[in-house]
Structures are given as C-alpha cells and as structure tokens.
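Here is a short briefing on a predicted two-chain model. Have the sequence and the structure open as you read.

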Amino acid sequence: MIEHLLDLTVSAFLLAGLYATMAYGLGLIYGVLRVVNLNHGGMIMAGAYAAWWAHDQFGLDPYLSIPIILVLAFLVGVLTYAGLVRRLPRGAAGGVQSLLLLFGVWLILRNAAYLVFSGNDQTVLTSYSTKALPFLGAQISVNRLAVFGVALVTLGALHLFLTRTYVGKAIRAVAQNPESCTLAGVPVQRIYMLTFGLGTALASLAGALATGLYAFNPGFGATELLKSFVVVVLGGLGSVAGTAVAALILALVENFSILVIPSYLTSAVGFVLLVLVLVLRPGGLFGQRVLG
Amino acid sequence: MRSLNLLFALLFAQAAPAADKIVIGATLPLTGSESRIGGFYKEGYDLAFEEANKKGGLDVGGKKMRAELLLLDDTSAQATAASLADRLINSDKVQFLLGTYSSHLVEAQSVVAEQSGIPYVNGGGGAIDIYKRGFKWLFGLLAPVQNLSGALMEWIDSQEKAGKLPKPSRVAVLWENTAHGKDFRQGVQDFVGKHRGDYLIEVDESFELNGKDFGALLGKVKNARVDLFLADAHLPDYITMQRQYATMGLCHKVQSYGARGSEKQAAEALGKENVKYILSSVWWNAQLGKAGITKHFVDLFKARYGRAPEWYQAVAYETARALFLGIEQAGSLDHEKVREKLAALQVESILPGGKLSFPAQSGQQAIYPFVVQQNQPDGSSPIVWPKESAASPGVAPNPDCK
C-alpha cells in the first residue's frame with residue numbers, strides 16, 4: 001500500500017508540472033489584462049502541432065523546437081493583441097466581447113488545423129518516449145520528468161522576470177493600477193501587448209510539451225483549457241506561485257481520489273474543487289495577489 | 001403567382017431523388033477523435049458503392065438503379081450525428097440510412113431513423129443496449145461487444161488449461177465508461193462467473209473516454225499484481241495508456257485493449273517493441289480471406305487501395321452490401337418492404353462464420369464469432385483464436401516479463 005501511495009504521489013507531482021505549464025499563460029493574461037483568453041486552448045493545440053510538424057518534417061526533437069515555437073507564438077500573441085484584443089474595452093466592460101472574440105479566434109485556429117492537418121490523431125515518437133528512470137521503487141517517465149523540469153524552470157524564470165526586470169515590474173504595476181502607470185509614464189499598451197504575447201507563448205509551450213505524452217488532434221486544447229481554468233481560479237487569479245501550488249493540489253486530489261471513487265470520475269473532482277473554492281474562497285486559495 | 005409556382009416546382013424537383021438512382025445517406029466521424037476510423041469506414045462504403053455501380057447499379061424489381069452515397073461528417077459528436085441524420089431524412093430526402101461509427105453515436109442516430117421509419121443499417125455500434133430498445137428499423141452488423149471479451153477469455157482459458165498461465169489467474173478489467181466498455185466488462189464477468197476458481201478479478205475500474213492521464217489507474221493495477229491486463233479502449237486512449245504502461249515498466253502475462261492492438265498507427269506511435277504480444281479481439285481479419293466472397297473483398301480492396309483491409313473497412317463494406325441485398329430482395333424502395341427483407345435476411349457473408357442475419361431475439365444485431373489476433377515481434381498479427389481459423393497458437397505468458 002505504501003508503494004502504491006508513493007506511486008500516486010510521484011505521479012501527481014509529475015502531472016502537476018504539466019497542469020502548471022498549461023495554466024501560467026492563462027493566469028498571466030487574466031491577471032494583467034483582465035481578459036479570459038479562450039484562445040488559450042487553441043494555442044496549446046497550435047504548440048502541439050508546431051512541435052509535431054518540426055519533428056515530422058525535420059526530425060527536430062520536440063524539446064529542441066521549444067525556443068522557436070516560443071518566439072513564433074509570442075509574435076502570434078503580439079499580433080492578436082495589436083489586431084484584435086487592443087480594440088476591446090478593458091475590465092468588466094470588455095468581458096463578454098473578449099470571450100466571444102477569443103473564442104472565435106480559437107474556432108478559426110481549430111478549423112484551420114482540420115483543413116491543413118486533417119482530423120487524424122498525431123503522436124510524436126522519440127527514442128526516449130517510453131524510457132523511464134527508477135526512483136524509490138517506482139519508474140518515472142523521462143518525458144514526464146522533463147515536463148516537470150520545464151515547469152519548474154518556467155516558474156523560476158517567470159518569478160525572476162516579474163520581480164527583477166524593469167518590464168516585469170512594469171507588468172506587475174500595470175496589473176495593480178494601469179491608470180497610475182499611465183501617469184507615471186509606463187507604456188501601458190506596450191505592457192499589455194508584451195503580456196499577451198508572453199501568455200500566448202506559454203500556452204504553446206504547454207502544447208509542445210504535451211506531444212511527448214498524448215495523441216492529439218485539432219480538438220486538442222479544450223480539456224486543457226478547462227483544467228487551466230480550474231488551476232488559475234484555485235491558485236488565485238494573477239498569482240504565479242499560487243498557480244504552481246494549485247496545479248499540485250489539483251493533481252494530488254485527482255490522483256488520490258482513485259482510492260475512493262471510480263477512475264472515470266477523477267477528472268470531475270477538479271471541477272467540484274473549483275465550485276467549492278468559488279463559493280468558499282472566491283479569491284482563490286492564495287488570494288487575489290499581484291503577480292509575483 | 002406563376003413565378004411562385006415555378007419556384008415551388010424547382011424546389012420540389014431538387015428535393016426529390018431522381019427515379020433512376022437510390023440516394024443513401026450516412027454520416028461518419030471524418031473529423032474529431034474518431035476521424036481515423038471514420039476514414040476507414042468511408043473506404044468500405046465507397047468500395048461497396050463502386051462495386052454495385054460497376055455492375056450497373058442495384059436490381060430493384062428488374063430495373064437497374066445507381067446507388068449514390070450522400071455522406072456527411074458528424075465530427076465524432078453525438079448531437080451532430082443525430083441532427084445530421086435528421087437533415088439527411090427531412091431535408092436531403094435520402095431513401096435509406098447507413099450508420100456511423102462508434103456505439104454512442106449509433107445509439108443517438110438510430111433514434112432519428114426509428115422516429116422517421118427509415119431502414120438504418122449500421123456497422124459501427126456493437127453495444128447490446130442499442131438493440132435492447134425494441135427498435136424496428138435498426139439493423140446492426142457488429143456482433144455484441146460481450147462476445148468480444150468472451151472470445152479473448154476463451155483463448156486465455158485455453159492457455160490456462162495448457163498450464164501456461166497460473167490457476168487461478170488474477171485479472172484487471174479496465175473499461176472505458178461507455179456502453180461499449182460496460183459490455184466488455186460484462187463479457188469478462190460472465191466468463192469468470194462460469195469458471196469459478198479459475199479467475200479472480202482483482203481490479204475492476206472504468207475510465208473516462210479520451211482520458212489524458214492514466215497514471216493513478218495504472219498504479220492501482222501495478223499494486224494489485226495481476227496476471228491478466230484486460231482493457232477496453234478506443235485508439236487514442238489505447239496509445240496514451242500503453243505509453244504510460246510502458247514507461248511505468250509494467251508487464252503482464254497477457255495484455256489486451258479489447259478490439260485495439262494491431263493498428264499500424266499504434267505501432268508507429270508506440271514503437272513495435274511496446275506493442276508486442278498484445279491481444280485484440282476483432283470482428284474480422286484479412287487472414288479469413290482465403291476463398292469465396294471474403295477473398296473477393298480482400299482482392300477488391302487491395303486493388304483499390306493498395307493495402308490489406310482491416311476489420312473497419314470489411315464491416316463497413318458488408319454493412320452497405322447488406323442494405324443493397326435488402327433492397328434487391330424487396331424489389332422495391334418501399335421502406336416497409338425493405339425492412340421486412342432485412343429482418344429476414346439469411347445470406348453468405350464475409351464476416352466470421354460466413355453467414356449474416358439479423359435475429360429478432362438479439363434486437364436485429366448480427367451474432368457471429370470474433371477472431372482473436374496477437375501482435376508478434378516481427379510486426380505481424382496472426383489469428384490465434386478460434387482454433388479452426390488460427391494461423392498461430394499464440395504466445396502466453398509474455399516472454400518479455402521478468
């Protein structure tokens with residue numbers, strides 16, 4: 001039994017890595033722009049296809065293609081902001097419009113993928129796809145370990161970026177009070193654009209990482225968006241460290257729930273958790289914090 | 001008024017099918033999670049229509065009529081499958097319907113056909129609940145999924161009796177939470193119930209269709225230290241689960257994913273090494289095509305597509321052929337007459353057992369034996385059961401397990 005509990009714990013930690021990576025971008029964009037980016041799911045799917053395409057066409061390892069994908073996705077995010085999101089009213093006034101607009105972008109992206117890649121499931125097979133490392137009697141997938149590592153690096157990099165750089169500090173300031181930032185000479189629109197680009201790039205990072213774990217098709221991203229949403233709300237909107245901890249809580253609850261409920265209900269546990277948090281602690285487990 | 005009449009006349013002329021052709025409607029999951037299999041079914045349908053039309057069409061009461069397939073994409077979604085069936089019947093005015101693929105889609109779509117009183121022949125729904133509703137217009141070519149797991153258990157039992165597997169064998173049954181999965185589980189439970197003392201079900205768990213993480217579930221299986229790993233999964237879940245299975249270093253004396261296992265795509269996604277010795281129980285296998293109409297189908301398919309057919313294309317081809325035979329035997333396009341002929345159909349078939357009928361006692365779901373195949377290290381998947389069709393005795397226990 002102890003061995004089983006250890007397995008579940010290790011599996012939860014590794015799963016949390018992917019959940020956190022999926023949610024960082026969504027949380028960042030909401031925290032700063034107060035826009036729920038429904039195209040987050042579309043960019044996760046696009047990131048997966050980009051990694052698969054690079055592997056299929058040029059034999060490029062999905063992890064090596066990540067820097068290129070990040071740059072391209074960042075540009076897509078910047079263009080999406082400049083061309084579409086910038087025209088929306090900020091805050092609650094733009095809520096419905098932004099939901100509809102970004103949902104529309106997601107639909108376009110999804111249908112474009114159907115057109116170009118067909119609806120077939122795609123997978124990436126590398127020399128280490130099914131390799132594992134022994135750890136306290138359990139076998140840990142190299143891929144899942146790598147995803148966990150990337151999640152930790154991303155968390156650290158985001159934290160340093162938001163707390164140690166001028167742009168990062170500006171992002172946090174704009175998240176706190178955009179009007180005062182304008183008075184202080186912070187280029188708010190540019191900060192919004194950079195944040196949207198960064199959030200979009202993080203979504204594509206999650207997609208690229210997922211190629212090593214799952215089969216995917218143009219419908220990929222929908223479940224991931226919902227999970228990201230649960231993680232972001234659970235952690236407290238706008239809190240990067242909270243997002244990481246919330247991802248771990250969600251993964252632990254999902255994994256350990258198999259001890260008491262049927263396996264097919266485990267993904268519903270997250271949504272029950274979401275409802276409980278929204279009712280009992282609307283600001284998330286870690287409150288409505290400023291980024292970083 | 002005159003122009004209005006003309007407009008109505010034009011609209012009417014568009015809606016009514018031409019007298020020299022039969023328009024048969026169908027939907028398939030050409031996009032979405034089942035798109036790959038949907039594409040295979042399309043190949044089977046296309047081949048059957050091409051073959052019929054090469055002969056000048058269907059013989060309907062002495063008159064040759066071309067068969068035309070009006071195929072729509074139901075995107076693997078239940079609601080879309082039902083609404084498109086409604087569109088085919090009421091807007092496109094198709095005369096008959098061929099079914100989509102996957103039990104949950106057939107379940108929803110068959111309701112529309114029943115309400116409209118139009119013969120609905122499908123080769124994509126194997127769950128017995130679909131046929132327990134007493135539907136009059138529904139005909140199914142996929143034999144019950146319970147028989148699928150029953151056939152697997154028969155081969156396993158032969159290995160246990162030969163002393164190759166422990167007695168009792170400890171079993172893990174993992175089933176997707178769908179009608180298909182429930183029937184699979186029922187088949188295993190029924191068999192175990194009849195062979196008390198020979199098998200012990202240690203893990204009995206269901207999982208969500210199109211799941212993303214099976215780590216906790218596989219951890220439970222690992223902890224139970226079972227001998228037989230019997231899962232029922234669709235292709236994407238099979239790939240995801242088997243990838244995690246391999247990385248967790250699991251190995252069981254016998255392993256199966258129900259009807260999945262031998263797919264080329266799975267071997268490409270997982271590597272040949274990781275699909276070795278997986279058993280699959282299927283509705284048809286090209287190795288059955290050594291003579292007669294089965295050989296004719298295999299040759300025809302190879303000539304058209306340049307590769308051997310899998311069970312998906314074979315069942316789809318036979319589904320269309322069954323409807324054609326019903327129409328020809330009725331000698332009419334009258335729905336009731338065709339339905340009566342389908343209900344009474346007794347014909348030679350490419351399906352295992354060589355006969356096709358839709359027995360009333362099984363709710364007009366065809367009943368025939370399954371074939372069990374096993375992946376070998378060389379990439380082949382010979383039939384291992386039933387004995388009379390077997391090309392290989394099969395391997396048990398898995399020699400790779402330490």
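A:Ala268 is partly exposed, because 13 other C-beta atoms lie within 10 Å. On this scale a residue is buried with 20 or more other C-beta atoms within 10 Å of its own, exposed with 12 or fewer, and partly exposed in between, the C-beta atoms being placed from the backbone. The model is predicted: local features need pLDDT of at least 70, side-chain atom pairs count only at pLDDT 80 or more, and totals for chains, interfaces and linings use all residues. Residues are numbered from 1 along each chain as its sequence is written, while chains are lettered from A and ligands numbered from 1 in the order in which they are written.

- A:Ala268 sits in helix α11 (residues 266-280) of chain A. Helices (H or I, at least four residues) and strands (E, at least two) are DSSP runs, numbered from the N terminus.
- From A:Ala268 to A:Leu101 is 167 residues in sequence and 28 Å in space, C-alpha to C-alpha.
- A:Leu99 belongs to helix α4 (residues 95-117) of chain A. It is partly exposed, because it has 14 C-beta neighbours inside 10 Å.
- A:Leu99 and A:Val36 are 63 residues apart along the chain, yet their C-alpha atoms are separated by 6.5 Å.
- Neighbours within four places in sequence aside, A:Leu99 is in contact with A:Val36 and A:Leu38. Contact here means C-beta atoms, placed from the backbone, within 7 Å.

**Helix pair in chain A**

- Helix α1 (residues 2-33) and helix α5 (residues 142-164) of chain A have axes that come within 8 Å and cross at roughly 45°. Therefore α1(A) is oblique to α5(A).
- Axes are lines fitted to C-alpha atoms, for helices over the stretch in contact, and angles run from 0 to 180 degrees between N-to-C directions.
- Angles under 35 degrees count as roughly parallel, over 145 as roughly antiparallel, 65 to 115 as roughly perpendicular and the rest as oblique.
- The α1(A)/α5(A) crossing is left-handed. A crossing is left-handed if the near helix is turned anticlockwise from the far one by less than a right angle, and right-handed if clockwise.
- Contact residues in α1(A) include A:Phe13, A:Leu14 and A:Tyr24; those in α5(A) include A:Arg144, A:Phe148 and A:Leu158.
- By class, this contact of α1(A) with α5(A) has 12 nonpolar, three polar and one charged residues. Ala, Val, Leu, Ile, Met, Phe, Trp, Tyr, Cys and Pro count as nonpolar, Asp, Glu, Lys and Arg as charged, and the others, Gly among them, as polar.

**Helices in chain B**

- Helix α5 (residues 145-161) and helix α6 (residues 179-194) of chain B pack at about 45°, with axes 7 Å apart. They are therefore oblique to each other.
- The crossing of α5(B) and α6(B) is right-handed.
- Among the residues that meet are B:Leu148 and B:Met153 in α5(B), and B:Phe184 and B:Phe191 in α6(B). The contact of α5(B) with α6(B) divides into six nonpolar, seven polar and two charged residues.
- In α11(B), 17 of the 20 residues are buried, so this helix is largely enclosed by the rest of the structure. B:Gly331 follows α11(B), with a positive phi near 65°.
- Buried residues of α3(B) include B:Leu84, B:Leu88 and B:Ile89. The buried residues of α3(B) pack against β1 (21-28), β3 (63-73), β4 (96-98) and α4 (103-116) of chain B.

**Between the chains**

- 33 residues of chain B are in contact with 30 residues of chain A.
- The side of chain B that touches chain A has 10 nonpolar, 14 polar and nine charged residues.

Technical notes: Contact = placed C-beta atoms within 7 Å.
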